[in-house]
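My notes are below the picture.

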Amino acid sequence: MAGTDFSLSGKKVWVAGHRGMVGSAMVRRLASEDCEVLTVGRDSVDLRRQDAVERWMRDKRPDVVVIAAAKVGGILANSTLPSDFLYDNLVIETNIIHGAHLYGVSKLLFLGSSCIYPRLAAQPMAEDALLTGPLEPTNEWYAIAKIAGIKLCQAYRQQHGCDFISAMPTNLFGPGDNFDVQAGHVVAGLIIKAHQAKVNGSPSMELWGTGTPLREFLHVGDLADALVFLLKHYSDAPHINVGTGTEHTIRQLAETIGKVVGFTGEFRFDTSKPDGSPRKLMDNSRLHALGWRAHTSLEEGLREAYAWYLANHSHP
Ligand code: GFB
């Protein structure tokens with residue numbers, strides 16, 4: 001319900017997946033809340049092992065859990081590693097959600113993705129478009145796992161009265177992104193390619209697909225702020241979309257990245273690579289009605305992401 005206030009004050013908040021782009025943004029955002037942040041590395045607890053997860057939760061007794069841990073990747077990784085994307089995500093969310101029920105977690109936030117919606121869902125995609133049509137084949141494995149996570153939260157709420165909620169962010173980018181062309185998402189991939197083309201003096205850089213798909217890009221700092229807002233002010237079964245409401249073609253994104261990076265050449269299109277969904281625009285009206293909006297512009301966010309890449313990666 002909107003307006004149902006939950007206080008983070010004095011709470012132990014476990015950010016599962018704190019080394020990833022979303023988890024690390026969440027840890028930074030929670031630093032300005034009056035709470036204790038708990039984290040645990042993969043070397044100590046493999047989240048795919050139920051006994052390890054339950055033992056850790058029994059020992060640490062978090063009050064609040066944010067599930068930012070997931071196997072994630074861009075369009076190519078999603079379409080080439082189906083069992084990793086389905087199995088890892090199903091088992092991580094199942095272990096944590098069940099553990100949260102066993103050890104009396106008072107609030108849990110599960111994170112999904114806009115790819116849970118049907119490939120040809122009416123745009124912008126409202127929350128109730130879920131399960132109304134076939135999924136986009138390049139990411140159906142990931143989508144099925146994320147849909148199961150939403151349903152797990154709803155099932156524990158219905159059967160056990162657990163305050164477990166779900167948020168579905170649109171395409172994310174920012175500091176901490178996976179800057180790997182093959183495995184990563186489009187923003188990171190194009191920043192690397194534009195930077196390398198600039199440094200090498202190349203006349204052109206390559207984009208996958210046709211450049212015509214439309215995407216909505218949310219800066220991960222905005223997402224973390226929205227998640228803290230939802231932890232405090234949302235408590236209900238339906239999942240909530242988190243986006244900007246603004247969409248760009250992949251070509252427009254590449255042009256803005258070119259401007260930010262200082263690449264002035266041409267774009268070539270490798271149409272042997274998939275386009276994926278033609279369009280994925282979220283309907284953010286529920287989140288807006290609750291009282292939250294994104295505030296970072298695409299160009300401003302891209303400048304921050306590029307600066308982070310330059311500071312954290314070895315490159316020419
Ligand atoms: O970000 P991305 O990999 O994922 O690709 P999706 C978005 C669009 O950018 C696609 C095009 O149309 C790609 O073909 N693209 C152009 C590129 N050049 C590149 C490049 O160099 N790298 C990449 N990665 N793309 C993902 C799902 O779909 O969205 C996940 O696979 C998840 O499950 C995520 O839901 C949010 O937006 O197509």
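These entries go from the sheet to the helices.

I am working from a predicted model, where local features need pLDDT of at least 70, side-chain atom pairs count only at pLDDT 80 or more, and totals for chains, interfaces and linings use all residues. I number residues from 1 along each chain as its sequence is written, and side-chain values use heavy atoms, with hydrogens and water left out.

Sheet. I looked up the strand order and found β2-β1-β3-β4-β5-β10, an open sheet of 6 strands with parallel pairing. Strands (E, at least two residues) and helices (H or I, at least four) are DSSP runs, numbered from the N terminus. Two strands pair if DSSP finds at least two bridges between them. The edge strands, β2 (36-38) and β10 (240-242), each pair on one side only. From one strand to the next, the twist averages 25 degrees; axes are lines fitted to C-alpha atoms, for helices over the stretch in contact, and angles run from 0 to 180 degrees between N-to-C directions.

Pair β1 and β3. I found 4 bridges joining β1 (residues 12-16) to β3 (residues 64-67). Val 15 has Val 66 of β3 as its bridge partner.

Packing helices. Helix α1 (residues 21-30) packs on the sheet and touches β1, β2, β3 and β4 (107-111); contact means heavy atoms within 4.5 Å. The direction of α1 makes about 160 degrees with that of β1. Helix α4 (residues 82-102) also packs there, touching β1, β3, β4 and β5 (164-169), and its direction makes about 170 degrees with that of β4.

Helix α7. I noted that 10 of the 14 residues of α7 are buried, so α7 is largely enclosed by the rest of the structure. Buried means under 20% relative accessible area, exposed over 50%, partly exposed in between (1.4 Å probe, protein chains only). Among the buried residues are Val 220, Asp 222 and Phe 229.
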